[in-house]
Amino acid sequence: KEEINAAKEIAAKLEGKTVVIKAKTGASGKLFGAVTSKEVAAEIKNKLGIEIDRKKMSVADIKNFGEYTAEIKLYQGIAAKITVKVTE
């Protein structure tokens, strides 16, 4: 029960938040490489102070600048959606 309550608390803190990730630009003006769930999890910890297991995050490798939605599964039936904004 404590785990469920903790997961709900974290979900409430994360829901609707936006995480901005600055990425390098390649020669063609496109994203150099890709932004991975590992980088998103690190930025969540850095900005929001919440440690997330990157394996619980469903976000495709981001290969372009823009906004994306990532879903974080915190517990069975408990998830939060955040916006990942990739900028230069």
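Strand 2 (57-58) and strand 3 (66-75) run antiparallel and are joined by 2 bridges. Pairing is assigned where DSSP finds at least two bridges between two strands. Strands are DSSP runs of E with at least two residues, helices are runs of H or I with at least four residues, and both are numbered from the N terminus. Within this pair, Met57 has Ile72 of strand 3 as its bridge partner. The model is predicted: local features need pLDDT of at least 70, side-chain atom pairs count only at pLDDT 80 or more, and totals for chains, interfaces and linings use all residues. Residues are numbered from 1 along each chain as its sequence is written, and side-chain values use heavy atoms, with hydrogens and water left out.

The chain has 2 helices and 4 strands. Along the sequence they follow the pattern α-β-α-β-β-β. The C-alpha atoms fill a box of roughly 50 × 20 × 15 Å, taken along the principal axes. Of the 88 residues, 31% are buried. Buried means under 20% relative accessible area; exposed means over 50%, and partly exposed lies in between (1.4 Å probe, protein chains only). Contacts are heavy atoms within 4.5 Å. Among contacts with a separation of 6 or more, 53% come from residues 24 or more positions apart.

The 4 strands form an open sheet in the order 1-4-3-2, with mixed pairing. Strand 1 (18-22) and strand 2 are the edge strands, and each pairs on one side only. Strand 1 pairs with strand 4 (residues 78-87) in the parallel sense, over 5 bridges. Here Lys22 has Thr87 of strand 4 as its bridge partner. Helix 1 packs on the sheet and touches strand 3 and strand 4. The direction of helix 1 makes about 30° with that of strand 4. Helix 2 (residues 37-48) also packs on the sheet, touching strand 1, strand 2, strand 3 and strand 4. The direction of helix 2 makes about 115° with that of strand 1. For these angles, axes are lines fitted to C-alpha atoms, for helices over the stretch in contact, and values run from 0 to 180 degrees between N-to-C directions.

Strand 3 and strand 4 pair in the antiparallel sense over 9 bridges. Lys73 has Ala79 of strand 4 as its bridge partner. The hairpin of these two strands has 2 residues between them, and Gly77 takes a positive phi near 85°. Side chains alternate along strand 4. Ile78, Ala80, Ile82, Val84 and Val86 point to one face and are buried.

Ser37 lies in helix 2 and counts as buried because its relative accessibility is 14%. Residues up to four places away in sequence aside, Ser37 touches Arg54, Met57 and Val59. Glu43 is also in helix 2. Glu43 counts as buried because its relative accessibility is 16%. Neighbours within four places aside, Glu43 contacts Val19, Val20, Ile21 and Leu48.

The largest pocket has a volume of about 160 Å³. Helix 1 (2-14) and strand 3 are the elements that give two or more residues to its lining. A pocket is an open set of points on a 1 Å grid over the protein atoms alone, where a 1.4 Å probe fits, with protein on both sides within 12 Å along at least five of seven lines; lining residues have an atom within 4 Å of a point. Volume is the space filled by probe spheres set on the points. The lining includes Glu3, Ala6, Ala7 and Ile10, together with Ile72, Lys73, Leu74 and Tyr75. Glu51, Ile52, Asp53 and Lys56 also line the pocket. The lining residues divide into 7 nonpolar, no polar and 5 charged. Ala, Val, Leu, Ile, Met, Phe, Trp, Tyr, Cys and Pro count as nonpolar, Asp, Glu, Lys and Arg as charged, and the others, Gly among them, as polar.
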